[in-house]
Amino acid sequence: MKLRKSRRVAPAVPLASMGDIAFLLTIFFILTSNFAKDDTRNIKPPNARELAQLENQNVSVSIDADGGVFFNGRPVASPATIEAGVAGFLAGKKDMKDRMVVFRCDQGVDKKVFEPVLAAISKGGGVIAAVGQASQAKP
Amino acid sequence: MPFVRRKEKRELEIPTDSVSDIAFLLIIFFILTTTMSKLTGFTAELPSGAAAQQQAAKTDAKTPTVQITNGKLLFNEQEVSMAALQERLLDLQLAKKQGEERVVMLETAGKVDYQIYYETMAAISAAGGIVAIVEEGE
């Protein structure tokens, strides 16, 4: 009796294009990533009702719990620097959406610190996008 | 004549086996560092500098004024709660008005922290008003 030899091809997952797929995904993530410019670890945001969603912008101003003021993540000494920085970044931008400046401030900071900063953003031509946490309505 | 053994030529190849591993490590890094959370808040365009001073000068008795004094909230010089302020502002129907009629003066005195200030500004914005900050001493 003749026995036939079965010609079975060993099952294998094609891995040749795996690297290409992985690199395509990497490129996608590089292009869509939004790296945080601010160190917001020491900022407890304020709460309010009826808050809308804000789009992340390229210009941001932050004030941490210790009263330190940051422009695009870098510490600044005075509101005048912020005014100049905002004016520089927003030069030639007319549309309101393009003039948004993300403003983060710790809820415990006194007005003597944040009011001059708000005024500086405004004088620099920025529209303030004040970041906070939405709170539930009290019954 | 002795036979010379032919040298076996090795093909030069760049090792690509670990490329996909490196790429996937990069993907994991980007997944972990990407910000997925959306920001919430409100937007406000404040009349600034000379414009704000002109606005303050133009203010007549009819312009609604919110005052924050040492944690107390006053609307047109009457003490109110935050919920009452929101209702009073909505009653003004600022969103339907135009230009200067939408302005709400925001005045502060004494120690005022950002929490109450933020809530007040958010309430004015939600009601369709434009915040005009009156700085202390003006």
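Residues are numbered from 1 along each chain as its sequence is written, and chains are lettered from A and ligands numbered from 1 in the order in which they are written. Because the model is predicted, local features need pLDDT of at least 70 and side-chain atom pairs count only at pLDDT 80 or more, while totals for chains, interfaces and linings use all residues; side-chain values use heavy atoms, with hydrogens and water left out.

## The two chains

Helices (H or I, at least four residues) and strands (E, at least two) are DSSP runs, numbered from the N terminus. Chain A has three helices and eight strands, arranged along the sequence as α-β-β-β-β-β-α-β-α-β-β. Chain B has four helices and six strands, and its elements follow the order α-β-α-β-β-β-α-β-α-β from the N terminus.

A residue counts as buried under 20% relative accessible area, as exposed over 50%, and as partly exposed in between (1.4 Å probe, protein chains only). Of the 139 residues in chain A, 39% are buried; for the 138 residues of chain B the value is 36%. Contact means heavy atoms within 4.5 Å. In chain A, 70% of the contacts between residues at least 6 apart in sequence join residues at least 24 apart. In chain B, residues 24 or more positions apart account for 70% of the contacts with a separation of 6 or more.

## The contact between the chains

The contact takes 48 residues from chain A and 40 residues from chain B. The buried area, that is, the accessible area (1.4 Å probe) that two parts lose on being put together, summed over both, is about 3900 Å² between the chains. Carbon and sulfur atoms give 62% of this area.

Strands of the two chains also pair, a pairing being assigned if DSSP finds at least two bridges between two strands. Strand β1 (residues 39–44) of chain B is antiparallel to strand β2 (residues 52–54) of chain A, to which three bridges join it; here A:Ala52 stands opposite B:Gly41. The β1 strand of chain B also pairs with strand β7 (residues 127–131) of chain A, in the antiparallel sense and over four bridges. In that pairing, A:Ala129 has B:Thr43 as its bridge partner.

One salt bridge is counted between the chains, the term meaning a side-chain nitrogen of Lys or Arg within 4 Å of a carboxyl oxygen of Asp or Glu. B:Lys111 and A:Asp110 form this bridge, with their closest N and O atoms 3.9 Å apart.

## Nonpolar cores

A nonpolar core is a set of buried Ala, Val, Leu, Ile, Met, Phe, Trp, Tyr and Cys residues joined through side-chain atoms within 4.5 Å. The largest has 48 residues, and those with the most contacts inside it are A:Ile82, A:Phe103, A:Phe114, B:Leu89 and B:Tyr117. Helix α4 (residues 114–126) of chain B gives the most to this core, namely eight residues. Beyond its neighbours within four places in sequence, B:Leu89 is in contact with B:Phe75, B:Leu94, B:Val104, B:Ala123, B:Ile124 and B:Ala127. A second, separate core of seven residues includes A:Val102, A:Ala129, A:Val131 and B:Leu39.

## Aromatic pairs

Rings of Phe, Tyr and Trp (its six-membered ring) pair if their centres lie within 6.5 Å; planes under 30 degrees apart count as stacked, over 60 as edge-to-face and the rest as tilted.

A:Phe71 is buried at 11% relative accessibility, whereas A:Phe89 is partly exposed at 41%. B:Phe42 in strand β1 and B:Tyr118 in helix α4 of chain B are 76 residues apart, and their pair links distant parts of the chain. Both B:Phe42 and B:Tyr118 are buried. Ring pairs also link A:Phe103, A:Phe114, B:Phe42, B:Tyr114, B:Tyr117 and B:Tyr118 into a cluster.

## B:Val134

B:Val134 lies in strand β6 (residues 130–134) of chain B and is buried, with a relative accessible area of 11%. Not counting residues up to four places away in sequence, B:Val134 touches B:Met105, B:Leu106, B:Glu107 and B:Thr108. The C-alpha atoms of B:Val134 and B:Met105 are separated by 6.7 Å, although the two residues are 29 apart along the chain.
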